[in-house]
Amino acid sequence: MAPALLEAMRPRQWVKNVFVLAGLVFAGQLFDSTACTRAFVCFLLFCSASSAVYLMNDIFDRSNDLHHPIKRLRAIPSGRLPVPAAAAAALLLAAGAIAGSLALSRMTFLIVTLYLAWSAGYTSGLKRIFILDVLIVASGFVLRAAAGAAAVGAEISPWLICCTFLLALYLALGKRRNELTLLGESARQHRDNLGSYSVPLLDSWLTALSGATIVCYALYTQSPRTVQNFHTTSLLYTVPFVIYALFRYQHLVLRQNAGGDPGSSLVRDRGMVIAILGWAAVAAFIVYAR
């Protein structure tokens, strides 16, 4: 049962929790050992919280997942992990995340609790509401960034929060498009609200969001607050990496007609990896080498 439980916790998805580190990096505390420790603990807490959410999501969706060619092979729908064991593990993971966040700070505790409550609402029914489903997913990433900032006592620029939300929404819509492509006419059987989406509609939204994200990030790099914090306007030179990464992701989404997950391709595609590492290196140099 242990391998099945670990699989159901989806450790490969923990990479999404790197949004927790945004406050640490953009507050200029990357070389502060105490801040790094607190941020890493917050990252682990969100790994625990997100795994609890994944377990509960699979419990609620186990009947619908049987209509999905990939999800039906997951540990809970396939029966390899009993529902009582999955529910108990989810409760333990959620309780651990809440208790650990309280040890970091009161604000981190409130955000983690809100994240779990928000995710519970999503799992229990909000995920079936057209458009609201992807908005809730995107807001979860904003909560991750806010929790990480609260853990290290940093403030996040409103522009950076906006960028986080737009980027997360962009990724969520890419995943919705992939689901439509993979499931075809049976999409509504898997989840009712998928029938309200269409590939042309999602493509138009992805194009609009890529432009909005680029403009928002460029405004963040030149906002008075950012310039005052970092004493430079040179973060603008990281914008080309953002443009390339967004366009590359949309290319991956359009290419996944065989059912591949474009989100997973982020860490497998060489172009995406180079763009992300290039952005991180240039941003770190500008922020810290002054």
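Q: Where does Met1 lie in this predicted model, and why is Met1 called exposed?
A: Met1 lies in the segment before α1. Exposed means over 50% relative accessible area, and Met1 has 59%, so Met1 is classed as exposed.

Q: What makes Leu81, Pro82 and Ala85 contacts of Met1?
A: Contact means heavy atoms within 4.5 Å. Leaving aside neighbours within four places in sequence, Met1 meets this condition with Leu81, Pro82 and Ala85. The C-alpha atoms of Met1 and Ala75 are separated by 9.4 Å, although these two residues stand 74 residues apart along the chain.

Q: Why is Ser139 called buried?
A: Buried means under 20% relative accessible area. Ser139 has a value of 16%, and therefore counts as buried. Its place is in helix α7, which covers residues 132-151.

Q: Which residues are in contact with Ser139, leaving aside its neighbours within four places in sequence?
A: Ser139 is in contact with Trp118 and Phe165. Ser234 stands 95 residues from Ser139 along the chain, and the C-alpha atoms of the two are separated by 29 Å.

Q: What is the phi of His231, and is His231 buried or exposed?
A: His231 has a positive phi of about 55°, although it is not a glycine. His231 is found in the loop between α11 (224-230) and α12 (239-255). With a relative accessible area of 63%, His231 is exposed, because the term requires a value over 50%.

Q: How do you know that the sulfur of Cys216 is too far from the closest cysteine sulfur for a bond?
A: A disulfide is a covalent bond between the sulfur atoms of two cysteines. The pair must lie within 2.5 Å. The closest cysteine sulfur to that of Cys216 is in Cys162, at 3.4 Å, and this is therefore too far for a bond. Cys216 has a relative accessibility of 4%, so Cys216 is buried.

Q: How many helices and strands does the secondary structure of the chain contain?
A: The chain has 13 helices and zero strands.

Q: How do you know that the radius of gyration of the chain agrees with that of a compact globule?
A: For 290 residues, a compact globule would have a radius of gyration near 19 Å; the chain has 19 Å, so the two agree. Along the principal axes, the C-alpha atoms fill a box of roughly 55 × 45 × 30 Å.

Q: What share of the 290 residues of the chain count as buried?
A: The share is 47%. Each of these residues has a relative accessible area under 20%. The chain exposes about 13,600 Å², of which carbon and sulfur atoms supply 69%.

Terms used. Residues numbered from 1 in each chain as written. Predicted model: local features only at pLDDT ≥ 70, side-chain atom pairs only at ≥ 80, totals over all residues. Heavy atoms only, no water. Helix = DSSP H or I, 4+ residues; strand = E, 2+ residues; numbered from the N terminus. Rg over C-alpha atoms; globule rule 2.2 N^0.38 Å. Buried < 20%, exposed > 50% of the residue type's maximum accessible area, 1.4 Å probe, protein only. Areas by Shrake-Rupley, 256 points an atom, 1.4 Å probe, with all protein chains shown as cover.
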